[in-house]
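Colleague: I would be grateful for a close look at one part of this model, the interface of its two chains. Please describe how the chains meet and how the two copies are related.

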2 protein chains.
Amino acid sequence: MDKKKVTVLFQPSGRRGLVEKGKTLLQAAHELGVSIESVCGGKHTCGKCKVRIEEGIFEGGSLKSRRENLSFFPPEENKFIEEKEREKGYRLACVAKLQGDVLINVPEESRAVQQTIRKDAHQTTTKLNPGVKSYYVELTPPTLKEALGDFERLQQKLAIHYGLRDLTADVSFLQTLPRILRASNWKITTFVWMDREILGIQPGKVEDFYGLAVDIGTTTVAVYLCNLNNGQVVATESMMNPQVIFGEDVMTRITYAMNDQDKGLKRLQEAIIEGMNRLAQSAGRSAGIMPEEILEMVVVGNTAMHHIFLGIDLQYLGLSPFAPAVHHSLDIKARDLGLKIHPAANVHLLPIEAGFVGADNVGVLISEEPYSREEIALIIDVGTNGELLLGNKQRLLCASCATGPAFEGAHIKFGMRAAPGTIERVRIDPDTLEVRYKVIGLEKWSDECPPAEIQARGICGSGIIEVVAEMFRAGVLERNGRINNSITSGRIRKTDKESEFIIARAEETAIGREITISTADIRAVQLAKGALYAGAKILMKMLGVKHLEEVILAGGFGSYIDSQRAMILGMFPDCDLQKVFSVGNAAGDGACLALLNREKRTEADRMARQVEYIELTTHPDFTEEFVNAMSIPHMKDDFPHLQDLLQSRSFPPSK
Amino acid sequence: MDKKKVTVLFQPSGRRGLVEKGKTLLQAAHELGVSIESVCGGKHTCGKCKVRIEEGIFEGGSLKSRRENLSFFPPEENKFIEEKEREKGYRLACVAKLQGDVLINVPEESRAVQQTIRKDAHQTTTKLNPGVKSYYVELTPPTLKEALGDFERLQQKLAIHYGLRDLTADVSFLQTLPRILRASNWKITTFVWMDREILGIQPGKVEDFYGLAVDIGTTTVAVYLCNLNNGQVVATESMMNPQVIFGEDVMTRITYAMNDQDKGLKRLQEAIIEGMNRLAQSAGRSAGIMPEEILEMVVVGNTAMHHIFLGIDLQYLGLSPFAPAVHHSLDIKARDLGLKIHPAANVHLLPIEAGFVGADNVGVLISEEPYSREEIALIIDVGTNGELLLGNKQRLLCASCATGPAFEGAHIKFGMRAAPGTIERVRIDPDTLEVRYKVIGLEKWSDECPPAEIQARGICGSGIIEVVAEMFRAGVLERNGRINNSITSGRIRKTDKESEFIIARAEETAIGREITISTADIRAVQLAKGALYAGAKILMKMLGVKHLEEVILAGGFGSYIDSQRAMILGMFPDCDLQKVFSVGNAAGDGACLALLNREKRTEADRMARQVEYIELTTHPDFTEEFVNAMSIPHMKDDFPHLQDLLQSRSFPPSK
């Protein structure tokens with residue numbers, strides 16, 4: 001082992017690695033991809049990079065962390081670290097240098113980005129035809145005989161060389177045009193939006209230029225920084241939607257905005273704009289660019305998130321007949337919304353299908369393209385709200401389901417948003433009822449490491465689906481959602497009011513208590529999956545189909561959904577398991593596609609008009625379908641594929 | 001006489017009238033059209049409306065002004081008026097109530113708008129086809145079965161009823177759309193820009209809506225508030241260009257911007273934007289509307305004013321080959337420039353002809369329409385810079401003349417910008433050399449009232465032209481610009497270095513000194529008029545014409561130019577005096593026309609491209625022509641019409 005290197009482990013991200021002795025903790029953090037706030041850029045002047053060193057033996061003795069393993073505490077740190085903090089082991093990451101192994105805790109306030117699991121957009125493949133394109137030109141300088149204006153000079157050249165005609169100019173571009181042209185010796189790269197408007201120029205030949213795709217979820221906001229020159233996603237960042245403090249779901253936020261007319265909406269809007277500015281900053285930092293280099297943004301989100309983002313009065317969204325203010329896709333100057341990216345950048349918002357089926361679902365639509373397929377596909381986008389798409393190239397229906405936030409971990413006793421330490425996978429042995437699980441941030445399963453190392457903190461959406469499905473498969477759960485009374489096990493505890501099933505024992509958790517799932521929690525999951533299932537049934541009736549040829553599970557919450565367990569739970573009608581796919585954050589993928597290929601925007605505009613919105617709540621069959629769908633599996637439907645799965649001896653124990 | 005009313009005279013505006021006893025001075029000011037700063041709106045909380053009461057007998061005994069003629073000084077005024085000020089007669093206009101006649105001095109800092117003479121745009125007649133139009137519609141509210149978005153609902157109706165298709169929406173309009181629609185019971189007036197973009201809606205049927213035409217002169221800024229429903233100019237306001245403190249002419253301002261890169265330009269831009277916001281406020285106040293009701297703005301100005309207004313780097317405008325950043329007409333969101341009018345309003349800037357022939361000259365062009373005429377016309381726009389247009393429907397040439405600011409009263413010993421007390425008309429008796437003159441703000445000529453009442457303070461542009469022309473006509477001035485040595489008169493004073501001619505005697509002035517015009521002043525006038533004349537000659541050569549069929553004198557400086565005296569002075573080549581017209585601020589008229597009739601914008605775009613710019617300074621004949629044109633009249637040219645005029649016994653003594 002290299003003696004010049006020491007082991008550094010950062011918590012709570014769990015990132016670890018070998019770093020050269022003598023480097024500061026801030027340098028180590030950068031190397032290991034841990035974001036620590038550092039406004040002054042390591043100049044010891046801002047005091048934002050406070051971290052705490054944890055003493056003790058970690059990782060089964062492989063790491064012995066001591067304060068002495070860092071360079072001495074110099075007087076300059078006193079300015080920022082008080083005596084009390086010093087006693088607790090606080091240091092400035094930009095000052096303290098590595099001399100031995102350390103375990104570093106990065107407190108919440110020092111984290112540059114709120115620690116959550118990232119929504120990854122898979123590297124989508126699409127024709128590269130972005131909204132913004134770059135053109136290199138060399139101009140002939142003006143003379144007294146030919147003193148044409150700078151803009152017209154550039155315009156002429158772009159017309160002759162690239163066939164771009166009638167280009168307009170953003171005023172911010174005109175402001176610096178004369179200086180940049182002359183400073184660059186009349187050789188420049190021009191950035192043109194939609195073959196229409198010049199956004200800006202840069203001296204010389206510029207290869208790489210950037211755009212940002214944004215998915216504003218009710219709970220999570222994810223951004224994908226894309227290189228528009230080659231279509232690559234160069235950075236992904238996410239954060240909790242900062243509006244969560246004003247209300248967890250869409251309706252409470254609408255209510256919040258209504259109760260305090262102008263200020264309420266303004267606060268919600270400022271929260272998301274500020275958050276997006278921070279995400280643009282950190283995505284830029286990851287990729288080594290300035291936010292001002294982001295030349296376009298494509299945004300998706302449900303109708304309420306869309307309206308709040310634009311500062312549109314949204315009180316009527318919550319009232320029947322739920323008409324949105326606007327359906328059309330929109331292009332708006334980023335500066336008009338307070339976004340701090342390129343001064344001339346536009347924000348493209350994908351269109352809205354209906355009051356409760358927003359631009360996020362249009363993102364799913366253009367990402368999965370059910371309208372290009374022969375097979376009848378059901379696409380379920382699971383978030384704080386659930387959206388359904390059903391159909392094929394002939395006809396497409398959409399609907400919204402009030403699932404509640406159970407699948408995002410809310411309203412579940414130990415439910416949490418996906419974050420390090422949350423349980424994301426669960427397996428129950430049908431014979432012993434012993435439980436194996438996996439928490440985010442640890443590679444190993446719970447039975448592969450000592451209990452003290454697991455540090456489980458709660459259970460996230462994908463874990464909730466799995467534990468309920470596994471309980472049913474193991475016979476612990478009856479079809480009606482009650483825990484089987486005839487079973488006696490240390491894992492099951494019954495009280496007067498409700499029963500609960502123990503997933504993690506107290507010694508395995510970071511909270512010093514057991515992590516359990518209660519019959520009330522299961523009830524919330526039943527309501528959520530019942531709504532999705534009933535919605536799918538109504539859409540199937542409307543479309544006149546009896547069987548699903550394909551099911552696509554989309555959603556950005558935590559890990560990908562396990563398709564087998566989603567089917568056992570009964571989130572959707574029976575389908576060949578080979579034809580059930582989990583695609584992650586398809587709404588975000590759609591935003592990336594629209595950013596990289598302008599034809600996808602045209603497609604979005606066309607399809608958003610073609611897809612037919614079905615209002616489920618007023619459908620006469622909905623209540624009956626919903627009640628039947630609460631049971632695990634459905635009370636009346638046939639599940640030939642599910643039966644096969646449950647009886648199969650080769651049931652895969654883990655994915 | 002009504003005993004319940006008292007006489008109030010405001011200085012320096014000179015506005016007077018009868019006002020009911022018991023009213024405050026602020027109310028009196030409003031009634032008499034005097035602008036006094038009042039941020040708090042008369043609530044006694046801002047202290048901005050300080051005025052001073054002048055004691056004594058005024059207006060030949062008709063007005064006896066005493067402090068006791070105002071209500072007593074209550075303690076609340078102590079907050080804003082110090083003991084020393086109180087002793088000098090200062091009061092808050094919103095507190096002090098009228099009990100008798102008073103003469104009130106409104107100090108500079110309390111004037112809501114800088115006191116200058118207004119540039120009046122004549123009520124232009126044009127086809128009414130404004131950039132912004134209004135459309136009244138009644139919509140059917142959405143239902144659960146038909147829950148189309150608000151914007152699309154409005155869009156459909158406007159398409160069906162008015163044939164407006166593919167309208168886009170400004171984001172500020174979308175923000176309040178849902179609320180206004182429902183609050184107005186779905187009956188609204190929609191404001192649409194250029195059949196393209198919805199700017200906003202108002203509840204019910206709205207008849208009148210407004211736009212603002214703006215002429216940004218180097219020295220004076222004038223605004224014309226127009227009712228877009230009937231084309232009437234409902235208010236006119238002007239102010240000194242607030243950039244004057246950074247430099248009197250275009251070149252010094254360019255230098256100022258260059259010397260302090262970003263900040264210099266920013267300061268100049270902020271000055272004009274703030275000034276325009278104040279003018280929009282006061283024009284709105286005059287017409288009884290809010291600035292937010294101004295739905296569009298059309299702006300003209302020379303190239304430097306245009307660039308500064310937009311915040312465009314202007315350093316290269318001052319360097320050969322003087323290429324502007326942009327020629328095209330532009331439409332820019334008012335909010336992007338910091339203008340506080342309607343949140344969605346656009347600003348239309350007329351195009352630029354060349355580096356030194358700006359959008360102001362395009363305003364002159366579309367106002368005077370030389371391109372529609374058969375006669376060869378010379379149009380001279382006199383400002384701090386002089387611009388020339390020559391031609392007819394066949395061909396049009398333009399040029400810029402560095403006249404210097406003499407015609408605006410600058411660089412002249414007693415020169416002043418047009419303001420109350422400045423001499424605007426001058427007549428000299430050829431026999432006695434006695435002088436009669438008229439000052440702005442007094443109806444009577446100087447020989448019609450007692451010397452003490454005249455209170456002359458200086459001489460403005462039109463007065464300067466007249467005094468030089470009259471001195472020549474009376475034989476005081478020789479052709480070379482020297483004062484005739486053989487004449488002895490109390491009006492002429494000779495010193496070692498120069499001679500001067502006394503216009504106003506000390507007892508007639510407010511400055512306690514004589515107001516004179518010196519040989520140095522005359523030299524400055526010769527240079528200015530020589531440049532215009534020489535420029536006109538070069539253009540005539542280029543166009544191949546020997547005689548002018550029409551001369552149009554435009555310019556917003558003080559009064560209209562007296563065409564006879566302008567011809568005597570030799571501002572332009574010989575022309576039938578019946579064919580010499582003085583049209584006032586044609587640039588401002590052009591801005592009004594473009595505001596009221598969008599076809600004028602198309603005309604401007606087309607003509608700005610067609611008019612041929614001639615660079616005078618590099619023309620081989622310019623220097624010779626300039627030298628010859630310095631003499632009064634021109635050294636070599638024939639002046640048949642001028643000869644007639646000078647020899648005519650019926651020479652009109654005053655206009």
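Modeller: A salt bridge is taken here as a side-chain nitrogen of Lys or Arg within 4 Å of a carboxyl oxygen of Asp or Glu. By that rule, three salt bridges cross the interface of chain A and chain B in this predicted model. One of them joins the side chains of A:Arg335 and B:Asp336, with an N to O distance of 2.8 Å.

On the side of chain A that touches chain B, at least two residues each come from helix H3 (150-162), helix H4 (171-183), helix H6 (261-287) and strand E16 (330-333) of chain A. H4(A) supplies the largest share, seven residues.

As to extent, 41 residues of chain A are in contact with 41 residues of chain B. The two chains bury about 3,400 Å² between them, and carbon and sulfur atoms account for 61% of that area.

Chain A is superposed on chain B by a rotation of 180° with a shift of 0.2 Å along the axis, at an RMSD of 0.5 Å. The two copies are therefore related as by a two-fold rotation axis. Among the residues of chain A, A:Asp336 comes closest to that axis, with its C-alpha at 4.1 Å. Because 100% of the interface residues of chain A are also interface residues in chain B, the copies meet through the same surface.

Methods. Residues are numbered from 1 along each chain as its sequence is written. Chains are lettered from A and ligands numbered from 1 in the order in which they are written. This is a predicted model: local features need pLDDT of at least 70, side-chain atom pairs count only at pLDDT 80 or more; totals for chains, interfaces and linings use all residues. Side-chain values use heavy atoms; hydrogens and water are left out. Contact means heavy atoms within 4.5 Å. Buried area is the accessible area (1.4 Å probe) that two parts lose on being put together, summed over both. Helices (H or I, at least four residues) and strands (E, at least two) are DSSP runs, numbered from the N terminus. Copies are superposed by least squares on the C-alpha atoms of residues with pLDDT of at least 70 in both.
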